[in-house]
Structures are given as structure tokens and as C-alpha cells.
Amino acid sequence: MCNEKGTLNHILAGCKTALSQGRYTWRHNKVLQEISNRIREKAKTSKAVPQKAKSVTFVREGESKPERDQNNLNRSYLDTASDWEVRVDLNGKLKIPSSITITDLRPDMVLISESTRQLGIIELTVPNENRIEVSGELKKAKYAPIAEEGTKKGWRVRMWAVEVGCRGFPARSLTVLLRDMGYTGKENPFE
């Protein structure tokens, strides 16, 4: 397509012609669509669980600590509200609500709960596998000002930088995101 040496790295992540034709964007958006479908699925079925006030449990000398409450251990991010709105940027027009911050940055996905004033930002990267770590750190740094501004305005902001390699291998960050959204154990949303 571009008359350059056709190495695997070039074809999957480095061809300027493929980039200009939107081939990398198409791949990114297909992965984003699958992730957003799974998060919407969970958001529909999640129920806001009232948080118990944290208390200090004192233990007498010689006694063992009480068992941890399994309900609190298995809580997902989505269980903290019941009015989640999932917005996905598949057409290049997603904006963070101006009530949170004014920015030109466009994350790939946002989860918004107006009632609890929570904002979840999900930024997907589909890099060459040897750039997965670098890509995640760059995305976190890019969206840190939004989290800072939102926090100043009374919002609880959470950010996930998710990477799925261009060959289809998911990074640990995808597992963390899915666990935080309520997928646990052997439950595999992509089977």
C-alpha cells in the first residue's frame, strides 16, 4: 500500500497509508464497541448498594479478627449508583459535560452518575504490544487534569487507561476494568 518494507510491526501499527485510510481507527472502535457493550450490560443490571459507614472493630488481646464482609469485597464501581449513563465516542463527538470541566479532550468512554456526582473515564489504546506500558502511562497523564478539575468541583473522578494490543492480546488493564465493572471469577464477557 505504501511501498515500505512490510514488517508485521509496520502493517499492524506503523503504516501511514493504513492510518490515513482509517484502518487503525476502525480496529480501535471495534474493540471499544465490545467493551462498551459489556459495560452497558452491567450498568443495566447493577443496583446501587448503600455503603455502610466504615467503623473500627476492636479486637481483644488473644482473639482473632472477625471475618471481612464479603458484600463489600465484591462491590463493583457500578454498584455505587443507579443512574449510570454510558457515553461512547465512536464518531469523534463525545464531550465531558461542562458542569465537570471544559476541555477539548475527548475520552473514548465516560460513565456519568449525576445523583452521586461520579465520573468514570475510560481511555482505550490499541498499540503495538511492546508499547502497552508506555501507552497506559501517557493516557493517565493526559487525562489527569480533567480528574483534578472535576474533583475541585465536587465530582468523584475515576480513570481507567485500557490497552488491548494490536494483535488482540489484552493487557492487565482490561482485566482490572472488567473486575471493577463487576465481572468476577470465571465470568468472561468476551466468550
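Me: At 12% relative accessibility, does Asp180 count as buried or exposed, and why?

Reply: Buried means under 20% relative accessible area, exposed over 50%, and partly exposed in between (1.4 Å probe, protein chains only). Asp180 counts as buried because its relative accessibility is 12%. This is a predicted model, in which local features need pLDDT of at least 70 and side-chain atom pairs count only at pLDDT 80 or more, while totals for chains, interfaces and linings use all residues. Residues are numbered from 1 along each chain as its sequence is written, and side-chain values use heavy atoms, with hydrogens and water left out.

Me: Which residues is Asp180 in contact with, leaving aside its neighbours within four places in sequence?

Reply: Contact means heavy atoms within 4.5 Å. On that basis Asp180 is in contact with Ser76, Tyr77, Leu78, Arg158 and Trp160, once neighbours within four places in sequence are set aside. Asp180 itself lies in helix 6, which covers residues 172-180.

Me: How many helices and strands does the protein chain have?

Reply: Helices (H or I, at least four residues) and strands (E, at least two) are DSSP runs, numbered from the N terminus. The protein chain has six helices and four strands, and along the sequence they follow the pattern α-α-α-α-β-β-β-α-β-α. Of the 191 residues in the chain, 39% are buried.

Me: In what order do the four strands form the sheet?

Reply: Two strands pair if DSSP finds at least two bridges between them. Here the four strands form an open sheet in the order 1-2-3-4, with mixed pairing. Strand 1 (85-88) and strand 4 are the edge strands, each pairing on one side only.

Me: In which sense do strand 3 and strand 4 pair?

Reply: Strand 3 (residues 118-125) and strand 4 (residues 156-163) pair in the parallel sense over eight bridges. Between them the chain passes through helix 5 (residues 132-152), and this β-α-β crossover is right-handed, a term used if, with the strands pointing away from the viewer, the path from the first strand over the helix to the second runs clockwise. Within the pairing, Glu123 stands opposite Ala161 of strand 4, and the bridge partner of Leu119 in strand 4 is Val157.

Me: What does helix 5 touch where it packs on the sheet?

Reply: Axes are lines fitted to C-alpha atoms, for helices over the stretch in contact, and angles run from 0 to 180 degrees between N-to-C directions. Helix 5 packs on the sheet by touching strand 3 and strand 4, and its direction makes about 165 degrees with that of strand 4. Helix 6 also packs on the sheet, touching strand 3 and strand 4, with its direction at about 140 degrees to that of strand 4.
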